[in-house]
Amino acid sequence: MSEPLSPVMSFLLGLMAVLWLAAAIWALVRGISMQRGSAFVAAQSERLSALLAAAPQMPVIIRPDWRIEASDRLDRWLGVDGGIRHFDDMRGPDTGFPAAGHEQLRQAILGAQRGAKAFTLSLRPQGGARTIVIQGGAAPAAIGGAGTVLLWMSDATEGQQALAEARRERDDAMGAFEALSGLIDTAPFPMWFRDMNLQLSLVNHAYVEAVEAPSAAAVIQDGIELCEPVAGVRAIDAAAASRKSGEAQLRAIPVTVKGERRIMRVVDVPLAPAGGRTIGIAGYAVDIQELELERSGHRRFAEAQRELLDRLSAAVVQFGPDRHLVYANLPFRRMFNIDAETLNEAPPFARLLDRLRDAGRTPEVRDFPAWREAHEQWFARPDAAEEDWLLRDGTHLRVVAQPTPEGGLLLIVEDRTEHIQLAGARDTLLRVRTATFDNLFEAIAVFAPDGRLHLWNQRFRRLWAIDEFQLAAHPRVDVLMAGLADRLAKPEQINVVQEVIRAATLERVQRIGEIRFADGRHFDFASIPLPDGNALLIMLDISDSRRIEGALRERNEALEAADKVKTAFLSRMSYELRTPLTSIAGFSEMLQGGYAGGLNDRQTSYVGAIMDSVGVLGRHIDNVLDLAQAEAGTLAIEHASVDVAALLDRAMDDCAAFAAQEQIELVREIAPDLGEIAGDAARLGRLLGSMIDNAIRFTAPTRRSDGRVLVHAMGDDQAVIIIVSDNGPGLPDDVAAVTSGRQAATAAGGIGLALARQLVSAHGGVMDVVTEKGQGTLVRINLPRGE
């Protein structure tokens, strides 16, 4: 059995155990701490490696023996397969750096190894578009010893492209700037630029010429302004206002350019790139002298145009792009009864149509809103629209809607009511003309100015025996007449007809002629120029006239002989009747004078009746004698001075008693300055007395209460005009026939109208007779003053 341990030994053993345990714990703690440090270092190493891998630059270590330490990224950049471990691996036949670039890099590395000299190279590997920028220098001592070189490589492909793009943009911008500068300098109007101090820093050539400066530099140096102060505002003040407001300033001011005063539009524009701070003020000036003159002329033209539109017969109204009324001329306001208040309101197109409808000035339609909407589309039409409106009162309107370039509308309204009525009347007249032409006795044809047959009637066709089909082809006159010569007794006369037509169409001269057909018929023909340039050919059958012409000539000779016998008989009888009439008048005067003793009242009355009858019979004899002498051409007219007013007074005084007896009002209107004429006072007195007497006689039988005879006389330096008018029943047909040149006798033995016309004509005057049934008769005598 062993001996127990002493306390000291037990203590020592326990102490050793405690120390051993403490050492074990310390070692354990130390190991854990070292493990943590190792893990931290490993994590840091991984983090640094990740940072290096993600960095845009890649480190490459070149050892003194040209070994390379680099990541796999270098293989990808250079396109080398199998890894790069040596400097020579960076060069290959198709990959890596080209030989020249590889050698350039080698020399740079050698320089860095020898002199610790840093360098920067830009190389491009073969077979790719990548650009690698290499920055190299001696490596720090911690990385390697002497001769070790550290390279930092970066992929500059995008940067180079961006740089190239930037250079191109710079070049383009410079080119555009130079082009813009050249354009500004060659601009035909002045342009300038002011800096932030509002001083001129750039002017173009037109500015220099405008201010008549030697050069642009002189303008900038001397601060020569184009615009002088206007109303206290200087050019620099306008630029300052533009800079302050940040908006363009526009002025129209007078400017002196090359010594000439011109109106120019001056504009100052603040320049602020991309909405930033203003860097200066640009300005330009445009000559608007001609523009202002044109505007003034345009205003005057517009005013004149509106005045002209107001004088047109057509109605004109204009609407603006907003479809509101802009202008309506006077005919439109009258035609549609538009008042001034409506014009001032400038109603829209649709509302104006509503007002016109209410006034009955639009067509009657079943669906007016649809009609109105359809007409509002006139504004959008590419071309003009035209319509005919029939109003409820029978008015026909022609409406033309013309869209204007600015989006408005111009309406032109023409009242065609009268035109349509005239067109209907014209159609009727054309039908009447056609019917008249076809039923005329004369053969008629109308030829156009070019000689072609235009119109004809059926008698013309039958006369020449021409087919309707041939005439419908409208042949020329030479072609037509060439086929008609055989119809004439003398075929060569067809040339006469053709020449007559040619004279009327080309020379515009009327010609006549006569031709005989082969069947013995005779025709008179004439060509008459018409106002429209055509020529009318008329052919009249005179065959019957020719047959009776001989008989008429013989009869005329017999009548002339009989007329001479009649004239001689009347002359002889007048003289033979005058002798016993003179005796009767003489003895009657002696009885009235008391040579045969005193007469009682009844005897005196009988003698007075005898004297009146003698006077009437004497006037009859004088009239018959004058008529016979006038027809025989032997009427002798005395040309002495005759007071016309006195002659009329005596004639009216002689007829006054007869007018009072017949209850006829005898009215005289004799000019006080009527004066005298050269004529036969006796015959003129009988003429005027008989005209007044006849007027009383023709008026008296039918008018017992309001019968009236007016004698009106007036004159001038050339002639005297005497008018005798009544309100009787008008002349009977046999008496009125004298107005057509046929002789007639008047009632009650008064002077005949035929003799009156002969006497007036013998005095160189003219007599006109106008009569109307139930209205009366007017005789107008015009007698020249004579010598």
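Is Cys655 buried or exposed? Select Cys655 to begin: its relative accessible area is 7%, and the residue is buried, where buried means under 20% relative accessible area, exposed over 50% and partly exposed in between, with a 1.4 Å probe and protein chains only. Before moving on, note that this is a predicted model, in which local features need pLDDT of at least 70, side-chain atom pairs count only at pLDDT 80 or more, and totals for chains, interfaces and linings use all residues. Residues are numbered from 1 along each chain as its sequence is written, and side-chain values use heavy atoms, with hydrogens and water left out.

Select Cys227 next, which is buried as well, at 6% relative accessible area. A search for disulfides (pairs of cysteine sulfur atoms within 2.5 Å) across the whole structure finds zero.

Now select Leu648, Leu687, Met691, Ile696, Ile722 and Ile781, which touch the most other members among the 39 residues of the largest nonpolar core, a core being a set of buried Ala, Val, Leu, Ile, Met, Phe, Trp, Tyr and Cys residues joined through side-chain atoms within 4.5 Å. α20 gives the most to this core, with nine residues; helices (H or I, at least four residues) and strands (E, at least two) are DSSP runs, numbered from the N terminus. Centre on Ile722, whose contacts (heavy atoms within 4.5 Å) beyond four places in sequence include Val644, Leu648, Leu688 and Ile781.

Finally, go to Thr404, in the loop between β14 (396-403) and β15 (409-415), where this residue counts as buried at 16% relative accessibility. A polar atom of the Thr404 side chain lies 2.8 Å from the backbone nitrogen of Gly408.

Definitions and conventions: Polar contact = N/O pair within 3.5 Å; in protein donor to acceptor, adjacent residues only side chain to side chain.
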